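Trainee: I have a structure open and want to learn how to read it. Can we go through it feature by feature?

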Amino acid sequence: MTVNQIQNEVNQLLQENTDIITQGIFTLNSTISKNMERIKELQNLCPHCFQSGKCIYCGKKEME
């Protein structure tokens with residue numbers, strides 16, 4: 001998986017989470033939970049390029 005694919009999927013999942021929260025239906029929503037697990041999987045695949053303590057591709061914090 002390329003860094004662009006990782007970046008795009010992470011951004012898509014985060015946007016979906018934001019949309020769900022904005023709609024006011026955040027009550028341990030299963031979609032958000034699944035999205036966060038997928039983001040962790042993608043972060044494990046990412047080669048990381050940290051700037052200011054955060055990966056520019058997957059958003060992982062350098063200290064995690």
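Mentor: Start with a loop. H48 lies in the loop between α2 (30–45) and β1 (50–51). This is a predicted model, and the values are computed from it.

Trainee: Which phi does S52 have, and where is S52 found?

Mentor: S52 is not a glycine, yet its phi is positive, about 55°. S52 sits in the loop between β1 and β2 (54–55). Its relative accessibility is 83%, so S52 counts as exposed.

Trainee: Let me step back to the whole chain. How many helices and strands does the protein chain have?

Mentor: List the elements, then read their order. The protein chain has two helices and two strands. From the N terminus on, they run α-α-β-β.

Trainee: What percentage of the residues in the protein chain is buried?

Mentor: The protein chain has 64 residues, and 23% of them are buried. Now take the surface. The chain exposes about 4700 Å². Carbon and sulfur atoms supply 50% of that area.

Trainee: How do I read contacts along the chain?

Mentor: Ask how far apart the partners are in sequence. Take the contacts between residues at least 6 apart. Of these, 38% join residues at least 24 apart.

Trainee: Now a single residue. Where is N17 found, and is N17 buried or exposed?

Mentor: N17 belongs to helix α1 (residues 3–22). Its relative accessibility is 5%, so N17 counts as buried.

Trainee: Which residues does N17 touch?

Mentor: Skip residues up to four places away in sequence. Then N17 touches T31, I32, N35 and M36. A polar contact of 2.7 Å joins the side chains of N17 and N35.

Trainee: What about F50? Where is its place?

Mentor: F50 is in strand β1. At 30% relative accessibility, F50 counts as partly exposed. Leave out residues up to four places away in sequence, and F50 touches C55, K60, K61 and E62. Compare sequence with space for one of these. F50 and K61 are 11 residues apart along the chain, and their C-alpha atoms are separated by 8.0 Å.

Trainee: E62 is on that list. Where is E62 found?

Mentor: E62 is in the segment after β2. With 44% relative accessibility, E62 counts as partly exposed. Beyond residues up to four places away in sequence, E62 touches F50 and G53. E62 and Q51 are also 11 residues apart in sequence. Their C-alpha atoms are 8.8 Å apart in space.

Trainee: How do I read a pocket?

Mentor: Rolling a probe the size of a water molecule over the atoms shows where empty space is left. Here, the largest pocket has a volume of about 180 Å³. It is lined by 11 residues, and the closest to its centre are I39, Q43, C58, G59 and K60.

Trainee: Which element gives the most to the lining of the largest pocket?

Mentor: α2 does, with four residues. Then sort the lining by class. The largest pocket has four nonpolar, two polar and five charged residues in its lining.

Definitions and conventions:
Residues numbered from 1 in each chain as written. Predicted model: local features only at pLDDT ≥ 70, side-chain atom pairs only at ≥ 80, totals over all residues. Heavy atoms only, no water. Buried < 20%, exposed > 50% of the residue type's maximum accessible area, 1.4 Å probe, protein only. Contact = heavy atoms within 4.5 Å. Areas by Shrake-Rupley, 256 points an atom, 1.4 Å probe, with all protein chains shown as cover. 1 Å grid on protein atoms, 1.4 Å probe; cavity = no way out; pocket = protein on both sides within 12 Å on 5 of 7 lines; lining within 4 Å. Points joined across faces, edges and corners; volume = space filled by probe spheres on them. Nonpolar A, V, L, I, M, F, W, Y, C, P; charged D, E, K, R; others polar. Polar contact = N/O pair within 3.5 Å; in protein donor to acceptor, adjacent residues only side chain to side chain.
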